[in-house]
Amino acid sequence: MRNSILLLVFTASFHFASAQNQWFKLYQDSTELVNDGKAITAQFTKDIQQIKPSISFSVNTILNTTPYLIFYWGENGVRTANLPKWDQVIAPQKQFFYDVAGSESAGKEMFRLFFNGFYLPHELGHALEHVTKGNINGSYQEEYFANIVGMLWWKKQGKTQELKECYEFAKRVWAKLPNPVPSGSTMEEYFTANYQKATEDPYVYGYMQFKQYIQVYEDKTLPDFDTFIKSYLK
């Protein structure tokens with residue numbers, strides 16, 4: 001029995017190491033994408049449960065390419081992290097990537113770095129907030145929390161180079177996006193008041209998301225992942 005348990009632990013660790021090494025790439029194979037996503041979700045879950053063993057945290061990671069791209073969904077006790085695959089993304093959204101990134105190849109790079117990369121633990125951060133606080137409706141504050149969780153978790157995994165690539169990309173893209181925030185208002189005020197409408201326009205929503213990524217990446221006051229989660233779960 002002990003050998004069987006050790007084998008299961010070794011197998012799970014091997015799957016995560018393999019997934020982590022392959023993540024932040026443009027996936028061509030659906031099964032590979034889902035399997036790697038599940039391995040990353042399992043490791044995130046393990047990290048949360050090591051901090052608080054009593055927490056009931058379970059998320060199923062699936063392939064589900066929609067106009068929302070990557071997103072968390074929780075209803076009736078079913079929680080899913082929904083992954084997008086590039087060749088299934090609708091043409092207008094691909095054009096958005098090409099436009100803001102500057103070229104077709106750069107658009108694919110942006111998708112690779114963020115949607116087959118950074119955003120999975122971000123969505124699991126939404127799941128964590130859902131588990132601990134109940135229904136979440138989408139807000140500026142919830143997105144900022146999820147971006148902190150995603151950033152700190154990837155740092156815990158040693159993905160500093162990938163996070164830096166995302167940061168450099170986010171700065172280039174954000175600088176090109178039109179500022180939707182009216183004079184006299186802050187970004188937080190504007191997106192708090194207009195969050196749902198903002199999600200319908202990728203240029204407006206992207207402005208917020210990339211700016212938040214930049215702010216979180218540059219925030220030197222943030223603790224490590226375990227310390228942040230311990231404080232959050234108190």
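Trainee: Which residue in β3 is the bridge partner of F71?

Mentor: This is a predicted model, where local features need pLDDT of at least 70, side-chain atom pairs count only at pLDDT 80 or more, and totals for chains, interfaces and linings use all residues. Residues are numbered from 1 along each chain as its sequence is written, and side-chain values use heavy atoms, leaving out hydrogens and water. Strands (E, at least two residues) and helices (H or I, at least four) are DSSP runs, numbered from the N terminus. In β3, F71 has as its bridge partner N82.

Trainee: How many bridges join β2 to β3?

Mentor: Strand β3 spans residues 78–83 and runs antiparallel to β2. Two strands pair if DSSP finds at least two bridges between them; here the number is five.

Trainee: Which are the edge strands of the sheet?

Mentor: The open sheet has three strands in the order β1-β3-β2, with mixed pairing. Pairing on one side only marks the edge strands, β1 (60–63) and β2 (71–75).

Trainee: Which helix lies across β2 and β3?

Mentor: Helix α2 (residues 30–51) lies across β1 and β3. The helix across β2 and β3, at about 25 degrees to β2, spans residues 104–133 and is α4.

Trainee: How many charged residues are in the contact of α3 with α6?

Mentor: Helices α3 (residues 91–101) and α6 (residues 160–176) pack at about 95 degrees, with their axes 9 Å apart. In contact (heavy atoms within 4.5 Å), D99, V100 and A101 of α3 meet F169, V173 and K176 of α6. Four of these residues are nonpolar, none is polar, and the number charged (Asp, Glu, Lys and Arg) is two.

Notes. Axes are lines fitted to C-alpha atoms, for helices over the stretch in contact, and angles run from 0 to 180 degrees between N-to-C directions.
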